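Try each task before reading its solution.

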Amino acid sequence: MRWETEAGRGHPCSRHVLSYSWRNVFSCLVQGKRKSPLMLTGCRNLSWTFFSLTYRRPCARRSFISPTVLCSSNTPPSLPSPTYSHSFLTSRENPSHSSVFTRSLSRSAHTSGLMELKEVLQVLEQLAPLSLAESWDNVGLLVEPSKSRPIKTILLTNDLTDAVMEEAETMDCDLIISYHPPLFRPIKRLVQKDWKQRLAIRAVEAGIALFSPHTSWDSVKGGVNDWLIGGLGRGQVSILSQALGAAFHSHKLEFMVGSTEELNAVMEELKACDSGTTLQYSASRPGSSGIHARVICSDSALTPSVQTLLRRTAPSQSLSILKLEKPPLPGHGQGRLSVLDQRVTVAEAVQKMKVHLGLTHIRLALGSGQTLESSVCSVAVCAGSGASILNGVKADLYVTGEMSHHEVLDAVAKGTNVILTDHSNSERGFLSVFRERLSVRLPESVTLVVSKADRDPLEVV
């Protein structure tokens, strides 16, 4: 699911470089409050230079990049996201779609005995890492019982409602996996008059744990969006909004020192600045001008590292600071675009989506100049409320849960057909797919149930 307030991302491998004189910055940085050197815009002779590095350059310099950073030198970010052949028409997991993060866990690992909550959470993390969720989202374990008990029954639902909670209580459920987070905004009190708070109270009283994956399921390869676009058949699928990996080291500092002894002394101090973490660095001696050193450090260590360099290095030398952006994670991200292997008509696309989602009715807006017999060669999808992701994407057909009136008009005016399924109808069918994936990773003592009380609040009458 997508929310319309999300801000756009920048170029995944763009960098901002700051160059300035040691003498001009020294008074700004080491006197008074400790300020980040990236915020010293008031210093004289401070100049910003913006430029983009090629994608291969940061990937080739492996000695400067944290081992935790995932980066593919084969796929420049300036090009469209990597494509892959895709078909997702059954509830059985296709091995080619499993997440790069997913480790194979066989049922034999837990054929006997019971699982604790923390063990189930580890399996859920392996299937869809929470780091893939959007920054604004509220995912993960939302309610944790005070008394630990083995997980015997897990209920899967798209939304946690009063009817679903009653269903969970009746079956003596231990864990509810609710795709949408029942707790999203900060709570200052737990009272009965608010329906979401009332559900949280019932969960606590019944000793039921609540977990929500939300946009991590949307983003992960083989997740909700891949399942949704698979309803129209095989095709070459690419990501509309690329997911980015985590990078512990976020800045590169380039500076000059006069000798190897001086470099060693500087590096000892820099290591202390980075909370014991081993800094990555390399050095070269260009002629007789000294040693040119490069250091990778974390965001938290940037200010003390610069302070150390200012104290240890001659004021006449210059310092360059490069901000390292997070690398893309191929196959993961929000929204999907598929160039179909076999084109279909608009009417056929409508029928395929009805069957795929188990619906008798969906809403269709024909693009300008389009008819039910018009060909559909490319399809863009985003589960939930997908306008913020689909906006501006060139495709013959959009498929999402909901769009506003004016967003539909904009798409139609550009000749794009639009299928709206209602919000949760574009997501709910994935629960059965995920149940199959989870069941093979849990012991037979754990019962997995897809809620029968869960339904979209809107219906055609």
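**Exercise 1.** Work out where Leu364 sits and whether it is buried, partly exposed or exposed.

*Solution.* Start with the fold of this predicted model: Leu364 belongs to strand E14, which covers residues 363-365. Next, take its relative accessible area of 34%. Buried would need under 20% and exposed over 50%, so Leu364 is partly exposed. Finally, look around it: together with Leu366 and Leu372, Leu364 makes up a nonpolar surface patch with about 220 Å² of accessible area.

**Exercise 2.** Find the largest nonpolar core and list the contacts of Ile177.

*Solution.* The largest core holds 50 residues, and Ile177 is listed among those with the most contacts inside it, as are Trp217 and Leu438. Beyond its neighbours within four places in sequence, Ile177 touches residues including Leu124, Ile154, Phe211, Trp217 and Leu438. A second, separate core has 18 residues, among them Val257 and Ile321.

**Exercise 3.** Which parts of the chain does the salt bridge between Asp159 and Arg428 tie together?

*Solution.* First check the pair: the closest N and O atoms are 4.0 Å apart. Then place each partner. Asp159 is in the loop between strand E5 and helix H4, while Arg428 is in the loop between strand E17 and helix H13, so the bridge joins parts 269 residues apart in sequence. Arg428 counts as buried, at 16% relative accessibility.

**Exercise 4.** Locate His332 and find what its side chain reaches.

*Solution.* His332 is in strand E13, residues 328-345. Its relative accessibility is 1%, so His332 counts as buried. The side chain of His332 reaches the backbone nitrogen of Lys221 at 3.0 Å.

How values were computed
Residues are numbered from 1 along each chain as its sequence is written. This is a predicted model: local features need pLDDT of at least 70, side-chain atom pairs count only at pLDDT 80 or more; totals for chains, interfaces and linings use all residues. Side-chain values use heavy atoms; hydrogens and water are left out. Patches are made of residues with over 30% relative accessible area and no salt bridge: like charges are joined within 9 Å, nonpolar side chains (Val, Leu, Ile, Met, Phe, Trp, Tyr) within 5 Å. Accessible areas come from the Shrake-Rupley method with a 1.4 Å probe; for residues, only the protein chains shown count as cover. A salt bridge is a side-chain nitrogen of Lys or Arg within 4 Å of a carboxyl oxygen of Asp or Glu. Helices (H or I, at least four residues) and strands (E, at least two) are DSSP runs, numbered from the N terminus. Buried means under 20% relative accessible area, exposed over 50%, partly exposed in between (1.4 Å probe, protein chains only). A nonpolar core is a set of buried Ala, Val, Leu, Ile, Met, Phe, Trp, Tyr and Cys residues joined through side-chain atoms within 4.5 Å. Contact means heavy atoms within 4.5 Å. A polar contact is a pair of N or O atoms within 3.5 Å; within protein, one must be able to donate a hydrogen and the other to accept it, and residues adjacent in sequence count only if both atoms are side-chain atoms.
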